[in-house]
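Morning, everyone. I have one model to show you, and I'll start with a single pair of residues. Here it is.

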Amino acid sequence: MFSRLRPSTDIIETLRKNSFEPAHSDYYRGKPGRPINLILKARHDFLSVWRKADYTDRVSVTKIFGRQIVVVNSPDAIRYVVAKRHDNFERKTPQMRRALEFLLGDGLFISDGETWKQRRPLVADIVHKNRVPAFGKIMENTTSELVQRWESLPDGAPVNALFEMAGLTAEIISRAVFGNDLGEEGAKAVSEGFESYQSLIDSVNIGYFLGLDEGLPVLRTPKLRRSVSRIHQIIDKVVEDHLAGRGDDNSMVELLVRRQKRNPELKLDVVALRNEAATIFMAGHETTAATLTWAWYLMSRAQWAEKSLHEEIARVCGNRTPTLDDIPQLDWCRAIIEETLRLYPPVPILARQAKEADRIGDIDVKPASLILIVPWLLHRTEAFFKDAHLFKPERFMNGNKAIPYSYIPFASGPRVCPGLQFGLQEAILCLAILAQRFRVRVADNTKVEPQCRLTLRPRGGLPVTLHRR
């Protein structure tokens, strides 16, 4: 008798000659004024609750059980929220804070106020774009190791692209952040721990909509505790080794340790170091893994784009392995990654909580209101991107740039992802090295469904087959 309340998602995917509309949720057509239905659908799939009108240049407002929700989908209004009035909208929502506090503590991703102001410059400097060349060899060598493993498999071997990319990026970030090779088991434990954690976290904090401005704490079930414990045990040991002088001099964690020794007022004790290390790991591993997974899906369907990519790699690199120095000449590779980030932003919903009353556009905002900036909507708005639902990497070539604040896959303003350049260069380089040696194919009958939990992944992963070139 509850069949009408059972959530489902209608997925649109259309492939024609030289035209590909990749998988996305259909527009929501439910009757207005039914908040329970909307919440049930959001818990199943937060990407399927948006009506066609939401994909337009506007600021809109609604209420769920009395809680004001403001959806900001206009570049000027986004700039107002994330830059001009950052101090009033810097705080992550109770949903995000509650979802991640057990795992990340007061890590930079969910902290605000003085803690955020103190640590942001520190972490930003650690992953600054000027440091990316120092980690280039790690990216190259780790990806080449995956090439060797794939070459040991029979041609046409089935793998799950999401798990493969998660293992790759976990190992890269492990070596960059921790300064040593965690090994297959360690990287696997952290990667699987994050995956399990995401699956156990609800997409909606009901308490917030029922009037609790801080939301309800996440129920720490035995399964959730095991996931967190698995991650913390590994990261704690690495941090403790660094504090004991057994760390790699070039790792990100070692740089944090040295900063703490020079500046005790930072109060980066073992727990705080663990929180920041876990935050960097999560952001650097999960988001890039998802981006690469979506890129394989897009190229498998849009093989004309893959052909252009292969021709470019051959022209720029010949038979040698691509390196970080080649990236400025890999225009197609960069454009494919940037278009992937447009269609499938790793964090598709950037939510904030208003501290004080404000005004966004012509909307009066109440204190503790939910402010939603949704890259999933923004990047698919026709006013900013022609043929917005189509995969068209060329829109990022020949110097073409998006309207400011219309393309924000790494957020924007003071809370822009500090590892933006690290992640972008990593994704481009990994794609180039792997695409040089392999074609990755998604079966024609595979149903690909985007799923928004803490990040945007294909529901159930992405089964593919590997084919040597």
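Look at Leu350 first: it stands opposite Ile373 in strand E9. Leu350's strand is E6, residues 350-353. E6 and E9 run antiparallel, joined by 4 bridges.

Some ground rules. This is a predicted model, where local features need pLDDT of at least 70, side-chain atom pairs count only at pLDDT 80 or more, and totals for chains, interfaces and linings use all residues. Numbering starts from 1 along each chain as its sequence is written, and side-chain values use heavy atoms, with hydrogens and water left out. When I say helix or strand, I mean DSSP runs numbered from the N terminus: H or I of at least four residues for helices, E of at least two for strands.

Now the sheet. It is open, has 4 strands in the order E3-E4-E9-E6, and its pairing is mixed. Pairing here needs at least two DSSP bridges between two strands. E3 and E6 are the edge strands, each pairing on one side only. Direction ignored, neighbouring strands are turned by 25° against each other on average; the axes are lines fitted to C-alpha atoms, and angles run from 0 to 180 degrees between N-to-C directions.

On to the other pairings. E4, residues 67-72, runs parallel to E9, with 3 bridges. Val71 stands opposite Leu372 there. E3 and E4 run antiparallel, with 6 bridges. Thr62 faces Ile69 in E4 across that pairing.

Is E9 covered on one face or both? Both: Leu370 and Leu372 on one side, Ile371 and Ile373 on the other, are all buried. Buried is under 20% relative accessible area, exposed is over 50%, and partly exposed is in between, with a 1.4 Å probe and protein chains only. In a regular strand, side chains alternate between the two faces of the sheet.

Next, the largest pocket. A pocket is an open set of points on a 1 Å grid over the protein atoms alone, where a 1.4 Å probe fits and protein lies on both sides within 12 Å along at least five of seven lines; lining residues have an atom within 4 Å of a point. Its 43 lining residues include Leu372, which is among those nearest the centre, along with Phe46, Val49, Trp50 and Ile69. E3 gives the most, with 5 residues.

Last, Gln260. It sits in helix H11, residues 252-262, and is buried, at 17% relative accessible area. Gln260 and Ala290 are 30 residues apart in sequence and 33 Å apart in space, C-alpha to C-alpha.
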